[in-house]
Amino acid sequence: VAFLCIRFTLLAKIEDETREIGVMKAIGLRISDIRKIYLSKYAALALFGCLSGFALSFLFKGLLLENIRLHMGEADNASLALLVGIAGVVLIFLSILAFVNLVLRRFNKISPAEAIRYGSVQEKTAGAKHFTLSQNRFFSTNVFLGLKDVLGRKRLYFTMLAVLVIAAFIMLVPQNISNTMASEDFMTYMGIGLSDVLISIQQTDNLIEKAAAMDDAFAQDPAITSYAVFVSKSFEVKTGEGSSKRIKVELGDHSAFPIQYDAGHAPESENEIALSIMNADELGVVTGETITLLVDNEEKSLVVSGIYSDITNGGKTAQARFKDSSTDILWVKIPVKFADNVQEESKISEYAAAYPYAKVASIDEHLSQTFGPTISAVQKVAGAAIAVSLLISGLILLLFMKMLVAKDRYAIAVTKSLGFTNTDIRRQYLARAGAVMIMGLVLGTLLANTAGESFGGLLISLFGASTFKFTVNPWIAYVLCPLGIAITVTAATLAGLSGAGNILITENIKE
């Protein structure tokens, strides 16, 4: 972003001073000397900016490092951090100088004769030969001329297109990640089935009897449309090295509250088992292979039917349907689904009073406890991404339009001499910006929903879900975000055109 801003600022300045540069070349100044004049000016600006930023870092470092110190403590090598900071400032300064010097190579393309005559570098336009005004039946004259300019100077407008694609991508991907993590379906990617209430029983006497009593009561409760009892136990599993390890297996009918599987499906028979990704990786197995569990002091071969993501119990779980009465129960989990007309809060209070030994929580509360801080942080990032993308696109498009107006001074003067008003010229430039904006939004949205989904998957995999699909809020993704970009593009274009009305025909058309 910084380099784009520098590039557009430099190009606008070069276009403004093309005639002066042409005069300097005409009187015999070497290109290297002209570049040094400009380079010294921008070196001074870069030095001032780098030193100011370095000074501000000391002013705000306490506020910025407060949270890091809270969680990670103080650093022991403060002097090394200072040296790294100085090295970073020097690197930024040298990078800016190198980039400015690269942009100033455009002096080589400036012809003294053209610069003095036209006051700008004359471009060769290509394309749009068959896009003629005489055959136009769909657009107004101003819109047509704007579109023809975009088609004729594709390379020039490619940068603007790239900026808008990136802005749309930056805006949409965090929004889609936030909407996905806030949706109920997201927990099915994390090893938790969809339900209204999640009841868990652990660390209590007579656990089996209490779970059985709840099972009987729920079977007769008309408010419940479906429920399932999952019993978690620990079993030994043979590893490929001839040794064994213990894994936690959740026994029950897992088709009642299904989750999303990375591969395969839930166990459907007593000789099948599904493994979490971490367990599958540690055991080195994939779907269709067989593992051996020690059940009731006997070896039991089970086919791996599926592999899923899980954030519970350290991510190391398994699911099966076989019966076992010899192993102690670790805990019991009962997900419950209510009928549509049931007041959930009253039923939760009723269950909490009737079963004081159980933990009764709504699925929303469970999600809030599990993902609440993360979802809140992602929502803040999504909001900041919108503001940053609009600010970046607005700033760069403003500089781009100023550069474009400086480049098109001769063309604007010719257009005015043909009778076009300042309003007509504004409409032509708005048509250019609008055409590029529509292409940028389409490409940015496609990129956000393809590559952005893969990028979001990498981030969400840090929370335990190895695969997922975006849950898109169409109101935000396809209405509010494009509207925000459209307003920003329009405002930046009009602001960049503020100097176009001052271009005089007599000063810019000279033979």
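Which helix does Asn142 lie in? Asn142 belongs to helix 6 (residues 141-152), where helices (H or I, at least four residues) and strands (E, at least two) are DSSP runs numbered from the N terminus. The model is a predicted one: local features need pLDDT of at least 70, side-chain atom pairs count only at pLDDT 80 or more, and totals for chains, interfaces and linings use all residues. Residues are numbered from 1 along each chain as its sequence is written, and side-chain values use heavy atoms, with hydrogens and water left out.

Back to Asn142: at 10% relative accessibility, it counts as buried (buried is under 20% relative accessible area, exposed over 50%, partly exposed in between, with a 1.4 Å probe and protein chains only). Leaving aside residues up to four places away in sequence, Asn142 touches Phe420, Asp424, Arg427, Gln428 and Ala431, a contact being heavy atoms within 4.5 Å.

Now for the whole chain. It has 16 helices and 11 strands. Its radius of gyration (taken over C-alpha atoms) is 33 Å, well over the 24 Å that the globule rule gives for 511 residues, so the chain is more spread out than a compact globule; that rule is 2.2 Å times the number of residues to the power 0.38. Along the principal axes, the C-alpha atoms fill a box of roughly 100 × 65 × 45 Å. Of the 511 residues, 42% count as buried. Among contacts between residues at least 6 apart in sequence, 79% join residues at least 24 apart.

Next, the nonpolar cores, meaning sets of buried Ala, Val, Leu, Ile, Met, Phe, Trp, Tyr and Cys residues joined through side-chain atoms within 4.5 Å. The largest has 67 residues, and those with the most contacts inside it are Phe107, Tyr157, Met160, Leu164, Phe400 and Ile485. A second, separate core of 20 residues includes Ile201, Met214, Ala223 and Tyr355. As for Tyr157, its contacts beyond four places in sequence are Asp149, Val150, Phe400, Leu404, Arg432 and Val436. Arg432 turns up again with its charged end over the ring of Tyr429, 4.0 Å from the centre (NZ of Lys or CZ of Arg must be within 6 Å of the ring centre and within 35 degrees of the ring normal).

On to helix 10 (residues 344-354), where Lys347, Ile348 and Tyr351 are buried. Seen down the axis, the buried residues of helix 10 fall within an arc of 100°, so they line one face of the helix; the arc is that of the directions from the helix axis to the C-beta atoms. Glu345 and Ala353, on the other side of helix 10, are exposed. Cover for the buried residues includes strand 1 (197-202), helix 8 (207-219), strand 2 (224-227), strand 10 (329-338) and strand 11 (359-362).

Tyr351 also sits in an aromatic cluster, where ring pairs link it with Phe218, Tyr227, Phe338, Tyr355 and Tyr357. Rings of Phe, Tyr and Trp (its six-membered ring) pair if their centres lie within 6.5 Å; planes under 30 degrees apart count as stacked, over 60 as edge-to-face and the rest as tilted. The whole structure holds 12 such pairs. One of them, Phe218 with Tyr227, is edge-to-face, at 5.8 Å centre to centre and 75° between the planes. Phe218 counts as buried at 2% relative accessibility, whereas Tyr227 is partly exposed at 22%. Over the face of Tyr357 lies Lys210, 4.7 Å from the ring centre.
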